[in-house]
Amino acid sequence: MTDTEKNSVTELLQQAAVMYSTQEIADEFQVAKSTVLRWLKGEVIPKNYITERLHNMISRKITARSADILKGDFTFIDLFAGIGGIRRGFELAGGKCIYTSEWDTYAQKTYTANYPSEKSIVGDITKVDADTIPDHDILLAGFPCQPFSIAGVSKKNALGRPTGFADKTQGTLFFDVARIIKAKQPKAFVLENVKNLKSHDKGRTFKIIMETLTKELGYTVDYKIIDGQSWVPQHRERIVIVGFRGMTGFSMENVDIPQKGQIKLESILHKTDGSEPFLPQDGDKYFDFHKNRVHDKYTLTDNLWAYLQAYAAKHRSLGNGFGYGLVKKTDTTRTLSARYYKDGSEILVYQRGKNPRRLTPRECARLMGYPDDYIIPVSDTRAYKQFGNSVVVPLFHAVAEAVKPYVMELIEKEQQIPEQIRA
C-alpha cells in the first residue's frame, strides 16, 4: 500500500468514526473493537480493501441524515446562532433549520464544521431586510447577553459605557428580533438570555421586552429561569422566553425539567482508567492516550496558581466572594463563561499532589451537553469563548419538545384553511 493509499484509508476511517461508534465499525468489518481502535490511533494500517466499504458506510449515514433533515416536522430559523446549541436541541425534536445568522467568523467556522449542509450563514442581521428571510414556524434567537449580564454590566460600568438598551452595539439587537417577528409572523419564538435580563435596570429592560412581544407584536408569552444543572454538572441559570401567535394554552411548566444535581462532574471529565474514547476529530490534542492523562498544558503553572490563591485571599479579607472555583469529581461547577480562556479560575479541577487544571475544550463541550461527535475546529482560546457563550443543549431539547406539540397543532390548523383564504 502506498503512502497516499494509507492516508486515504486513514482519513476515511476518521470520517466514519465521527458518524459511527467504534463498535459499529467493528461490526461492519467483523473485527474486534480493539482492532478498530488501533486503526484509528495509527498503530495498525488497515487493508486497502476496506476503502470502498468505508465510502459506503459514510454515504449511508449522509443519506440518512439528509433524509431526516428534509422530513423535518417543523421549520425554524437560527438567529445569533453562535455554535448551534439551540439549533441542535430543536433538530433533536424533529425541526428543520432553513436560515442561520451569526456574525462571528470563528463561530461560523465551528457551526459549518458541525452542520456541513449549511451552505450560507448570514452575517450582520441588522443589515438584513426581514422580507428576504424565508417563512418559518419557529424563530430561535439567543440575542447577545453582555449588555444585561452581571459580568457585562460590571465591566461596562467600570469603563463608563452604557448598558441594556442604551448599549447601541448589542443591547438594541433585541429590536432586530422584534422586527423579524413582526415581518414574518412565525407561529412561535424561543428567546434565550442571561438570568440578569429580568432584573436589569430595576426591571425596566425586561418590561420593555415583554411589552414589545405582547402589546406591539400580539404574542402570548411565558418565560422561566431554568438552571442547566438539571442536565449537566454546571450551575447555569438562563431565562427562556417562549411566545405563540395567539392563545395555545402553552406554559413553561410544560418543560420537563429533571431534578437538579443528579449529574456529577466526573461524567464529563476525561477518563484516566483507559476507557477514554478516542475521537478522531480531537486526536491527542487534549488527552495523552499513552499515559492516560490530560496533557500537562492544562495544569496551572505555579505562578498562576499562587496568583489566584492570593487574589482570593485578598477579596475574602474584604468580605467579597471573588475567587476561584475548585471542584472535585462529585461536584457541580460554577457557570462556564467566555473569559474562561484567561485563567480558568471559575472551574478548576482538583488534582491530587498537583496544581489544579483547567477543563479541556472537549470537557467544556460535554459540560454544555454537546455529544462527543461535535467537532471543535478552532484553537483552545476560541473554543473556550464559544462554549462559554453557548447554551446547555439538552435544556433546549427539553424546551423544543415542550413547544413542538403546540406548533404542530397550529401547523395542522393552518393546513385545514382553504388555500384561497390563506392567500
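At what angle do the axes of H8 and helix H9 (residues 204-216) cross, and within what distance do they come? In this predicted model, the two axes cross at roughly 10° and come within 11 Å. Because angles under 35 degrees count as roughly parallel, H8 is roughly parallel to H9. On the H8 side, the contact is formed by Phe-174, Phe-175, Ala-178 and Ile-181, and on the H9 side by Ile-208, Ile-209, Thr-212 and Leu-213. Sorted by class, the residues of this contact are seven nonpolar and one polar, with no charged residues.

H2 contributes Thr-22, Gln-23, Ile-25, Ala-26 and Phe-29 to the contact, while H3 contributes Lys-33, Val-36, Leu-37 and Trp-39. The contact of H2 with H3 comprises six nonpolar, two polar and one charged residues.

The largest nonpolar core contains 81 residues, and Phe-90, Ile-138, Val-190 and Phe-387 have the most contacts inside it. Helix H14 (residues 393-416) supplies the largest share of this core, with twelve residues. When neighbours within four places in sequence are left aside, the contacts of Phe-90 include Phe-74, Phe-76, Ile-138 and Val-190. Phe-396, Val-399 and Ala-400 are also among the residues in contact with Phe-90.

Aromatic pairs number 20 in the structure. In one of them, the ring centres of Phe-74 and Phe-76 are 6.4 Å apart and the ring planes stand at 45°, so the pair is tilted. Both Phe-74 and Phe-76 are buried. Phe-143 and Phe-174 also form a tilted pair, with 5.7 Å from centre to centre and 55° between the planes. Phe-143 is located in the loop between strand S3 (138-141) and helix H7 (150-158), whereas Phe-174 belongs to helix H8 (residues 173-184), so this pair ties together parts that are 31 residues apart in sequence. Phe-143 and Phe-174 are each buried. Phe-174 is also one of the H8 residues that make the contact with H9. Finally, Phe-74, Phe-76 and Phe-90 are linked into a cluster by ring pairs, and Phe-90 is one of the residues with the most contacts inside the largest nonpolar core.

Notes. Residues are numbered from 1 along each chain as its sequence is written. This is a predicted model: local features need pLDDT of at least 70, side-chain atom pairs count only at pLDDT 80 or more; totals for chains, interfaces and linings use all residues. Side-chain values use heavy atoms; hydrogens and water are left out. Contact means heavy atoms within 4.5 Å. Helices (H or I, at least four residues) and strands (E, at least two) are DSSP runs, numbered from the N terminus. Ala, Val, Leu, Ile, Met, Phe, Trp, Tyr, Cys and Pro count as nonpolar, Asp, Glu, Lys and Arg as charged, and the others, Gly among them, as polar. A nonpolar core is a set of buried Ala, Val, Leu, Ile, Met, Phe, Trp, Tyr and Cys residues joined through side-chain atoms within 4.5 Å. Buried means under 20% relative accessible area, exposed over 50%, partly exposed in between (1.4 Å probe, protein chains only). Rings of Phe, Tyr and Trp (its six-membered ring) pair if their centres lie within 6.5 Å; planes under 30 degrees apart count as stacked, over 60 as edge-to-face and the rest as tilted. Axes are lines fitted to C-alpha atoms, for helices over the stretch in contact, and angles run from 0 to 180 degrees between N-to-C directions. Angles under 35 degrees count as roughly parallel, over 145 as roughly antiparallel, 65 to 115 as roughly perpendicular and the rest as oblique.
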